[in-house]
Amino acid sequence: MKMRKQLLISSLALILATASGCSVIFDDSSEASSKAVSHSGAVSLSEKYTGYGFKALQTVEEQRLYEAIDSVVYKDESEEFTTDNLDNENKAGEVLELYKDDHPDVFWIDETEPYYYSNDGGKLTLQLTFKLSGEKLAQAKAKLDEKVSAALQEAPNEASSYEKELYAHDYIIKNCAYDEESVELHKSDTVRANEQNAYGALVEGKAVCEGYTRAFQLLCDKLGVDCWVIQGQAQGFEGEDNTNHIWNCVQLDGKWYQVDITWDDCDDTESALVTDAGSHLYFNVTTDEIKKDHKIAPTYSEYSASDIWYNGYVPQCDSTDYSYFTLNALAVDSLESEACAEYLAKSAAEGAQSCNYLIGDSLDFDSAYDEIVQGYAYDWMTAANEINGGANTLSSDCKLSSYSERRLIILILDYE
């Protein structure tokens with residue numbers, strides 16, 4: 001069951017899960033020989049790695065571990081390696097998570113036991129746990145490459161960064177289903193397969209929030225759109241506690257926006273939300289908007305042992321320039337404006353699923369909604385049908401929906 005935004009005419013739920021990462025002590029009886037990683041200098045590392053996860057690292061030792069992970073993770077077989085000791089062995093798992101945040105293509109590290117380690121007091125010895133190896137891993141990588149290439153072939157040519165981002169968002173929603181089975185398994189700390197990575201979302205076509213997030217980041221990266229991951233929690237449904245969650249943010253024209261693609265994925269049976277509007281309620285929103293039902297985890301430099309999750313980077317998102325509804329809704333300051341009917345007529349002429357109105361701050365939202373229900377909607381529809389002269393005639397089965405926290409009123413269109 002998914003936790004979902006609540007609209008006036010429907011309430012939908014989403015339970016989001018992320019599996020916990022853990023480490024176990026490396027078996028000292030292992031006869032495998034470890035390889036010492038040849039490290040670059042601190043300046044060279046900063047030039048070599050530019051991801052937000054790497055930039056969040058606090059010490060040279062953490063940066064060198066990041067480099068060591070990078071030196072072995074793309075091999076077909078997991079190899080034991082040694083690196084500089086850390087002041088806290090738990091840091092190894094934290095560095096690995098930040099590495100994964102920078103590399104959404106890496107899907108083969110086991111989520112439940114991602115690595116083994118041992119410490120002889122001077123050096124740290126680790127071995128990553130691969131879910132696949134050898135020819136099977138090579139075949140899986142090839143499948144993901146094929147899916148990504150196929151997705152990119154359909155992307156709009158000569159498009160803006162916004163259009164590319166929108167394409168990636170809609171592509172995943174159309175080609176990935178929320179994995180309810182895995183959510184149930186996560187309650188007993190069991191990971192089904194690839195539900196938490198890009199392979200699950202793009203190749204297997206089903207995932208939970210982390211899989212959606214990694215897949216979106218991967219496609220955005222390939223399309224040249226600056227995209228990052230945000231860890232935190234999402235609001236529970238009908239009294240349920242907040243649950244761990246992960247989503248994205250993107251940078252367009254130098255400004256950052258929050259994107260929760262999981263919450264935008266509407267089920268086909270949820271007719272009230274199967275509209276362009278319903279599937280973009282969390283597309284390019286501000287930090288203030290996302291915080292109404294999401295909680296952002298602290299940054300890596302600020303989090304403590306009591307915090308479950310942390311973020312390598314948390315940009316401030318305060319622009320509405322590329323909000324979906326800034327670009328795909330009419331700003332309404334007067335219900336009597338002829339523009340309301342004209343905008344509806346234009347939407348109907350294009351055969352749109354919905355017509356979206358953003359109610360201005362000068363109007364009381366609840367009062368405006370009531371007035372639209374009680375008469376303005378009918379007046380707009382009548383005028384729109386007259387404007388369109390019998391083409392794409394709106395029927396009396398059109399429905400109204402509202403999302404008060406966004407000051408959004410959606411007219412779901414039905415045609416005769």
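Reply: **Helix H6 and the packing of the chain**

Helix H6 (residues 161–175) has 15 residues, and its first and last C-alpha atoms are 21 Å apart, close to the 21 Å expected at 1.5 Å a residue. The expected span is 1.5 Å times one less than the number of residues in the helix. Helices (H or I, at least four residues) and strands (E, at least two) are DSSP runs, numbered from the N terminus.

The model is a predicted one, in which local features need pLDDT of at least 70 and side-chain atom pairs count only at pLDDT 80 or more, while totals for chains, interfaces and linings use all residues. Residues are numbered from 1 along each chain as its sequence is written, and side-chain values use heavy atoms, with hydrogens and water left out.

Several residues of H6 are buried, including Tyr162, Tyr167, His169, Tyr171 and Ile172. Buried means under 20% relative accessible area, exposed over 50%, and partly exposed in between (1.4 Å probe, protein chains only).

Isoleucine 172 is one of the residues with the most contacts inside the largest nonpolar core, which has 93 residues. Helix H9 (residues 209–223) gives the most to this core, with eight residues. A nonpolar core is a set of buried Ala, Val, Leu, Ile, Met, Phe, Trp, Tyr and Cys residues joined through side-chain atoms within 4.5 Å. With neighbours within four places in sequence left aside, isoleucine 172 is in contact (heavy atoms within 4.5 Å) with Leu202, Tyr212, Ala215, Phe216, Leu219 and Ile261. There is also a second, separate core of 26 residues, with Leu330, Leu335, Cys340 and Tyr357 among them.

Rings of Phe, Tyr and Trp (its six-membered ring) pair if their centres lie within 6.5 Å; planes under 30 degrees apart count as stacked, over 60 as edge-to-face and the rest as tilted. By this rule there are 26 aromatic pairs. In one of them, tyrosine 49 and tyrosine 66 have ring centres 5.0 Å apart and planes at 70°, so the pair is edge-to-face. Tyrosine 49 lies in the loop between helix H1 (42–48) and helix H2 (52–55), and tyrosine 66 in helix H3 (residues 60–72), 17 residues apart. Both tyrosine 49 and tyrosine 66 are buried. The rings of tyrosine 357 and tryptophan 380, by contrast, have centres 4.9 Å apart and planes at 40°, so this pair is tilted. Tyrosine 357 is in strand E16 (residues 354–359) and tryptophan 380 in helix H14 (residues 365–388), 23 residues apart. Tyrosine 357 is buried at a relative accessible area of 1%, and tryptophan 380 is buried at 4%.

Most residues other than glycine have a negative phi. Glutamate 158 has a positive phi, near 50°, and counts as exposed at 82% relative accessibility.

Finally, the structure holds zero disulfides, a disulfide being a pair of cysteine sulfur atoms within 2.5 Å. The sulfur of cysteine 227 is 4.3 Å from the closest cysteine sulfur, in cysteine 220, which is too far for a bond. Cysteine 227 is buried, at 3% relative accessibility.
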